[in-house]
Amino acid sequence: MSLSDAAINRALDLAVRASWEVKGTTSPNPPVGAVILDASGSIVGVGATQPPGGAHAEVMALAQAGAAARGGAAVVTLEPCNHTGRTGPCTRALLRAGIVEVHYAHPDPGEHEGGGAEYLRSRGVEVHRISVDIAPLLPWLTAMRRQRPHVTLKFAQTLDGFTAALDGTSQWITGEEARAQVHLDRSRRDAIIIGTGTAWADRPALTARTESGENGLYPHQPRRVVIGRRELPEYMREQGFEQYPGISQALTALWEKGDRDVLIEGGAGLAHSALEADVVDSVQAYLAPVLLGGGRGVVDKPLVPTLGAARRWRTREVRRLGLDTLIEMERGE
(Lines give C-alpha, C1' and ligand atoms only; values in the text may rest on other atoms or scores of the structure.)
Protein backbone atom coordinates (compact mmCIF):
# COMPACT_ATOMS: atom_id res chain seq x y z
CA MET A 1 0.00 0.00 0.00
CA SER A 2 1.32 3.46 -0.88
CA LEU A 3 1.77 5.54 2.27
CA SER A 4 0.72 9.18 1.82
CA ASP A 5 2.35 12.20 3.44
CA ALA A 6 -1.11 13.12 4.69
CA ALA A 7 -1.34 9.95 6.76
CA ILE A 8 2.13 10.44 8.26
CA ASN A 9 1.50 14.10 9.04
CA ARG A 10 -1.85 13.30 10.63
CA ALA A 11 -0.20 10.75 12.93
CA LEU A 12 2.44 13.30 13.92
CA ASP A 13 -0.23 15.94 14.59
CA LEU A 14 -2.07 13.48 16.82
CA ALA A 15 1.14 12.80 18.75
CA VAL A 16 1.46 16.53 19.36
CA ARG A 17 -2.14 16.62 20.54
CA ALA A 18 -1.45 13.75 22.92
CA SER A 19 1.47 15.63 24.46
CA TRP A 20 -0.28 19.03 24.57
CA GLU A 21 -4.06 18.81 24.57
CA VAL A 22 -5.31 15.52 26.03
CA LYS A 23 -6.98 16.26 29.35
CA GLY A 24 -4.48 14.97 31.87
CA THR A 25 -1.02 13.96 30.80
CA THR A 26 -0.27 10.62 29.18
CA SER A 27 2.57 9.76 31.59
CA PRO A 28 3.84 7.18 32.22
CA ASN A 29 2.66 6.24 28.73
CA PRO A 30 4.18 7.95 25.68
CA PRO A 31 2.26 10.57 23.66
CA VAL A 32 1.51 8.65 20.46
CA GLY A 33 -0.57 9.34 17.37
CA ALA A 34 -2.11 6.66 15.15
CA VAL A 35 -3.92 6.65 11.80
CA ILE A 36 -5.83 3.74 10.24
CA LEU A 37 -6.11 3.47 6.46
CA ASP A 38 -8.59 1.23 4.69
CA ALA A 39 -7.56 -1.16 1.90
CA SER A 40 -7.69 1.66 -0.64
CA GLY A 41 -5.41 3.93 1.40
CA SER A 42 -8.07 6.34 2.69
CA ILE A 43 -7.95 7.52 6.31
CA VAL A 44 -10.80 5.89 8.24
CA GLY A 45 -9.67 6.24 11.85
CA VAL A 46 -7.42 8.41 14.01
CA GLY A 47 -6.42 8.29 17.66
CA ALA A 48 -4.07 9.66 20.31
CA THR A 49 -2.86 8.26 23.63
CA GLN A 50 -5.36 8.83 26.43
CA PRO A 51 -4.51 9.57 30.09
CA PRO A 52 -3.27 6.59 32.18
CA GLY A 53 -5.76 3.74 32.24
CA GLY A 54 -7.29 4.92 28.96
CA ALA A 55 -6.83 3.49 25.49
CA HIS A 56 -3.61 3.66 23.51
CA ALA A 57 -3.53 5.55 20.21
CA GLU A 58 -3.94 2.45 18.02
CA VAL A 59 -7.00 1.28 19.95
CA MET A 60 -8.62 4.72 19.66
CA ALA A 61 -7.98 4.79 15.91
CA LEU A 62 -9.24 1.24 15.39
CA ALA A 63 -12.45 2.00 17.29
CA GLN A 64 -13.13 4.91 14.94
CA ALA A 65 -12.29 2.87 11.85
CA GLY A 66 -14.47 -0.11 12.77
CA ALA A 67 -14.86 -2.74 10.03
CA ALA A 68 -13.13 -0.47 7.50
CA ALA A 69 -9.78 -1.34 9.11
CA ARG A 70 -9.85 -4.91 7.78
CA GLY A 71 -7.26 -5.35 5.05
CA GLY A 72 -5.88 -1.89 5.77
CA ALA A 73 -2.80 -0.29 7.31
CA ALA A 74 -1.82 1.47 10.54
CA VAL A 75 0.53 4.45 10.75
CA VAL A 76 1.80 5.05 14.27
CA THR A 77 4.52 7.27 15.75
CA LEU A 78 5.78 4.52 18.11
CA GLU A 79 6.13 0.77 17.55
CA PRO A 80 2.90 -0.91 18.74
CA CYS A 81 3.29 -2.23 22.27
CA ASN A 82 3.51 -5.98 22.82
CA HIS A 83 2.71 -5.99 26.53
CA THR A 84 -0.30 -6.31 28.81
CA GLY A 85 -0.39 -3.57 31.43
CA ARG A 86 -3.39 -1.45 32.33
CA THR A 87 -4.59 -2.18 28.80
CA GLY A 88 -4.01 -5.05 26.41
CA PRO A 89 -1.22 -5.13 23.80
CA CYS A 90 -1.82 -3.02 20.72
CA THR A 91 -0.27 -5.72 18.55
CA ARG A 92 -3.20 -8.03 19.34
CA ALA A 93 -5.73 -5.28 18.71
CA LEU A 94 -4.22 -4.62 15.27
CA LEU A 95 -4.34 -8.32 14.41
CA ARG A 96 -7.94 -8.71 15.56
CA ALA A 97 -8.94 -5.73 13.41
CA GLY A 98 -7.43 -7.35 10.32
CA ILE A 99 -4.60 -4.84 9.78
CA VAL A 100 -2.17 -6.21 7.18
CA GLU A 101 0.43 -3.43 7.14
CA VAL A 102 2.01 -1.31 9.91
CA HIS A 103 4.27 1.74 9.55
CA TYR A 104 5.94 3.09 12.72
CA ALA A 105 8.37 5.95 13.41
CA HIS A 106 10.38 4.76 16.43
CA PRO A 107 11.01 1.43 18.18
CA ASP A 108 9.55 1.01 21.66
CA PRO A 109 12.54 0.91 24.05
CA GLY A 110 10.58 -0.74 26.86
CA GLU A 111 11.98 -4.03 28.13
CA HIS A 112 8.51 -5.57 28.25
CA GLU A 113 6.60 -3.33 25.83
CA GLY A 114 9.01 -3.62 22.90
CA GLY A 115 9.14 -6.29 20.22
CA GLY A 116 5.82 -5.42 18.64
CA ALA A 117 7.21 -5.13 15.12
CA GLU A 118 8.75 -8.59 15.20
CA TYR A 119 5.61 -10.08 16.72
CA LEU A 120 3.46 -8.63 13.96
CA ARG A 121 5.87 -9.84 11.25
CA SER A 122 5.73 -13.33 12.69
CA ARG A 123 1.94 -13.21 12.23
CA GLY A 124 2.19 -12.21 8.57
CA VAL A 125 1.80 -8.43 8.92
CA GLU A 126 4.01 -6.30 6.66
CA VAL A 127 5.91 -3.91 8.96
CA HIS A 128 7.98 -0.86 7.97
CA ARG A 129 9.86 1.78 9.92
CA ILE A 130 9.44 5.33 8.59
CA SER A 131 11.91 8.19 9.00
CA VAL A 132 10.14 11.27 10.42
CA ASP A 133 10.62 13.89 13.13
CA ILE A 134 9.24 12.55 16.42
CA ALA A 135 9.67 15.64 18.63
CA PRO A 136 6.63 14.91 20.86
CA LEU A 137 8.21 11.58 21.86
CA LEU A 138 11.68 12.91 22.71
CA PRO A 139 11.10 13.67 26.43
CA TRP A 140 9.53 10.24 26.97
CA LEU A 141 12.29 8.47 25.05
CA THR A 142 14.93 10.31 27.10
CA ALA A 143 13.14 9.35 30.30
CA MET A 144 13.04 5.70 29.26
CA ARG A 145 16.72 5.72 28.34
CA ARG A 146 17.84 7.37 31.57
CA GLN A 147 15.24 5.70 33.82
CA ARG A 148 14.31 9.04 35.40
CA PRO A 149 12.07 11.92 34.30
CA HIS A 150 13.20 14.11 31.43
CA VAL A 151 14.31 17.40 33.02
CA THR A 152 13.97 20.88 31.50
CA LEU A 153 15.66 23.82 33.22
CA LYS A 154 13.66 27.02 32.62
CA PHE A 155 14.72 30.55 33.46
CA ALA A 156 14.07 34.14 32.40
CA GLN A 157 17.05 36.46 32.16
CA THR A 158 18.14 39.86 30.92
CA LEU A 159 20.39 40.35 27.91
CA ASP A 160 23.39 40.47 30.23
CA GLY A 161 22.49 37.22 32.00
CA PHE A 162 20.71 38.21 35.23
CA THR A 163 17.55 36.63 36.63
CA ALA A 164 17.00 39.32 39.28
CA ALA A 165 18.24 42.80 40.08
CA LEU A 166 20.63 43.66 42.92
CA ASP A 167 17.69 44.31 45.26
CA GLY A 168 16.27 40.86 44.47
CA THR A 169 13.37 42.03 42.28
CA SER A 170 12.58 39.65 39.41
CA GLN A 171 8.91 40.36 38.54
CA TRP A 172 8.62 40.87 35.75
CA ILE A 173 11.71 40.32 33.62
CA THR A 174 9.62 39.15 30.68
CA GLY A 175 6.35 40.45 29.25
CA GLU A 176 2.81 39.08 29.13
CA GLU A 177 3.24 36.86 26.06
CA ALA A 178 6.24 35.09 27.56
CA ARG A 179 4.45 34.61 30.89
CA ALA A 180 1.41 33.16 29.09
CA GLN A 181 3.73 30.70 27.33
CA VAL A 182 5.21 29.66 30.69
CA HIS A 183 1.75 28.80 32.02
CA LEU A 184 0.83 26.89 28.86
CA ASP A 185 4.08 24.93 29.16
CA ARG A 186 3.39 24.15 32.82
CA SER A 187 0.05 22.62 31.82
CA ARG A 188 1.94 20.07 29.68
CA ARG A 189 4.36 18.93 32.40
CA ASP A 190 4.06 16.20 35.00
CA ALA A 191 5.75 18.27 37.72
CA ILE A 192 7.30 21.69 38.44
CA ILE A 193 10.31 21.80 40.75
CA ILE A 194 11.70 24.73 42.75
CA GLY A 195 14.11 25.12 45.67
CA THR A 196 13.24 26.16 49.22
CA GLY A 197 14.90 29.54 48.66
CA THR A 198 12.47 30.32 45.83
CA ALA A 199 9.61 28.92 47.90
CA TRP A 200 10.23 31.46 50.67
CA ALA A 201 11.35 34.40 48.52
CA ASP A 202 8.59 34.27 45.87
CA ARG A 203 5.90 32.11 47.56
CA PRO A 204 4.75 30.86 44.13
CA ALA A 205 1.50 29.02 43.46
CA LEU A 206 3.15 26.93 40.69
CA THR A 207 -0.19 26.55 38.96
CA ALA A 208 -0.82 26.58 35.21
CA ARG A 209 -3.11 29.56 34.77
CA THR A 210 -5.24 30.75 31.86
CA GLU A 211 -7.72 33.58 31.56
CA SER A 212 -10.37 31.39 29.95
CA GLY A 213 -10.17 28.06 31.82
CA GLU A 214 -12.35 27.01 34.74
CA ASN A 215 -11.33 29.11 37.76
CA GLY A 216 -8.57 30.55 35.59
CA LEU A 217 -6.70 27.23 35.51
CA TYR A 218 -5.78 24.76 32.78
CA PRO A 219 -7.50 21.36 33.13
CA HIS A 220 -4.20 19.63 33.90
CA GLN A 221 -2.15 20.92 36.83
CA PRO A 222 1.41 19.65 37.36
CA ARG A 223 2.65 18.11 40.58
CA ARG A 224 4.32 20.83 42.73
CA VAL A 225 7.70 19.88 44.18
CA VAL A 226 10.19 21.70 46.43
CA ILE A 227 13.82 20.64 46.90
CA GLY A 228 15.65 21.30 50.19
CA ARG A 229 15.53 20.53 53.91
CA ARG A 230 14.21 23.91 55.07
CA GLU A 231 10.62 23.84 56.29
CA LEU A 232 8.08 24.94 53.69
CA PRO A 233 5.73 27.91 54.03
CA GLU A 234 2.48 26.90 55.69
CA TYR A 235 0.35 27.35 52.57
CA MET A 236 2.56 24.88 50.70
CA ARG A 237 2.17 22.28 53.42
CA GLU A 238 -1.60 22.79 53.43
CA GLN A 239 -1.85 22.55 49.63
CA GLY A 240 0.10 19.31 49.38
CA PHE A 241 3.37 20.49 47.86
CA GLU A 242 5.84 17.61 47.86
CA GLN A 243 9.28 18.07 49.40
CA TYR A 244 12.51 16.12 48.90
CA PRO A 245 15.98 16.78 50.34
CA GLY A 246 17.78 16.71 46.97
CA ILE A 247 17.25 16.57 43.23
CA SER A 248 18.26 12.91 42.94
CA GLN A 249 15.73 11.81 45.57
CA ALA A 250 13.04 13.88 43.87
CA LEU A 251 13.64 12.43 40.41
CA THR A 252 13.66 8.87 41.78
CA ALA A 253 10.36 9.43 43.59
CA LEU A 254 8.73 11.17 40.62
CA TRP A 255 9.80 8.37 38.26
CA GLU A 256 8.22 5.81 40.57
CA LYS A 257 5.00 7.85 40.60
CA GLY A 258 4.86 7.75 36.79
CA ASP A 259 6.16 11.24 35.99
CA ARG A 260 8.23 11.38 32.80
CA ASP A 261 8.58 15.11 31.95
CA VAL A 262 9.37 17.70 34.62
CA LEU A 263 10.32 21.38 34.71
CA ILE A 264 12.82 23.05 37.06
CA GLU A 265 11.89 26.70 37.56
CA GLY A 266 14.33 27.89 40.23
CA GLY A 267 16.28 29.08 41.97
CA ALA A 268 19.99 29.53 41.34
CA GLY A 269 21.07 26.94 43.92
CA LEU A 270 18.75 24.27 42.55
CA ALA A 271 19.81 25.07 38.97
CA HIS A 272 23.44 24.59 39.99
CA SER A 273 22.66 21.30 41.75
CA ALA A 274 20.78 19.93 38.75
CA LEU A 275 23.46 20.96 36.28
CA GLU A 276 26.25 19.66 38.51
CA ALA A 277 24.41 16.34 38.86
CA ASP A 278 24.13 16.25 35.04
CA VAL A 279 20.39 15.61 35.06
CA VAL A 280 19.32 18.56 32.87
CA ASP A 281 18.24 17.33 29.43
CA SER A 282 16.97 20.58 27.92
CA VAL A 283 16.98 24.31 28.63
CA GLN A 284 14.34 26.98 28.11
CA ALA A 285 15.89 30.45 28.22
CA TYR A 286 13.46 33.38 28.11
CA LEU A 287 15.56 36.37 27.07
CA ALA A 288 14.26 39.87 27.86
CA PRO A 289 15.51 43.06 26.12
CA VAL A 290 16.79 44.47 29.42
CA LEU A 291 20.26 45.35 30.72
CA LEU A 292 20.94 45.42 34.49
CA GLY A 293 24.71 45.38 34.78
CA GLY A 294 24.54 43.36 38.00
CA GLY A 295 22.26 41.08 39.99
CA ARG A 296 21.57 37.38 40.45
CA GLY A 297 22.62 34.85 37.83
CA VAL A 298 21.02 31.63 36.61
CA VAL A 299 23.31 29.55 38.87
CA ASP A 300 24.83 30.62 42.18
CA LYS A 301 28.38 29.31 41.73
CA PRO A 302 30.73 28.19 38.94
CA LEU A 303 30.08 24.90 37.15
CA VAL A 304 33.47 24.53 35.43
CA PRO A 305 36.87 26.28 35.86
CA THR A 306 37.44 27.01 32.17
CA LEU A 307 35.41 27.69 29.03
CA GLY A 308 36.75 24.59 27.29
CA ALA A 309 35.17 22.38 29.95
CA ALA A 310 31.68 23.87 29.57
CA ARG A 311 28.87 21.86 27.99
CA ARG A 312 27.66 23.09 24.61
CA TRP A 313 23.89 23.01 24.14
CA ARG A 314 22.17 22.47 20.79
CA THR A 315 19.55 25.03 19.82
CA ARG A 316 16.27 23.35 18.89
CA GLU A 317 13.99 26.35 18.43
CA VAL A 318 14.00 30.14 18.72
CA ARG A 319 10.70 32.01 19.06
CA ARG A 320 9.67 35.62 19.49
CA LEU A 321 7.14 36.24 22.27
CA GLY A 322 6.25 39.89 22.15
CA LEU A 323 9.47 41.78 22.92
CA ASP A 324 11.05 38.67 24.43
CA THR A 325 12.77 35.67 22.85
CA LEU A 326 12.45 32.01 23.89
CA ILE A 327 15.48 29.84 23.10
CA GLU A 328 14.95 26.08 23.55
CA MET A 329 18.04 23.87 23.67
CA GLU A 330 18.95 20.22 24.11
CA ARG A 331 22.02 18.81 25.77
CA GLY A 332 24.98 18.01 23.56
CA GLU A 333 26.38 14.55 24.29
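Buried, in what follows, means under 20% relative accessible area, with exposed being over 50% and partly exposed in between (1.4 Å probe, protein chains only). The model is a predicted one, so to speak of local features takes pLDDT of at least 70 and side-chain atom pairs count only at pLDDT 80 or more, while totals for chains, interfaces and linings use all residues. Residues are numbered from 1 along each chain as its sequence is written, and side-chain values rest on heavy atoms, with hydrogens and water left out.

On to the cysteines. At 8% relative accessibility, C81 is buried, and C90 is buried too, at 0%. The closest cysteine sulfur to that of C81 belongs to C90, 3.7 Å away, which is too far for a bond. A disulfide needs a pair of cysteine sulfur atoms within 2.5 Å, and a search of the whole structure turns up 0 of them.

Next, the domains. The protein splits into domain 1 (5–137) and domain 2 (148–331), with bounds taken from an automatic or database domain assignment. Their C-alpha centres sit 33 Å apart. Domain 1 puts 7 residues into the contact and domain 2 puts in 7 residues, contact meaning heavy atoms within 4.5 Å.

As for the interface itself, about 620 Å² is buried between domain 1 and domain 2, with carbon and sulfur atoms giving 57% of that area; buried area is the accessible area (1.4 Å probe) that two parts lose on being put together, summed over both. Between the two domains there are 0 salt bridges, a salt bridge being a side-chain nitrogen of Lys or Arg within 4 Å of a carboxyl oxygen of Asp or Glu.
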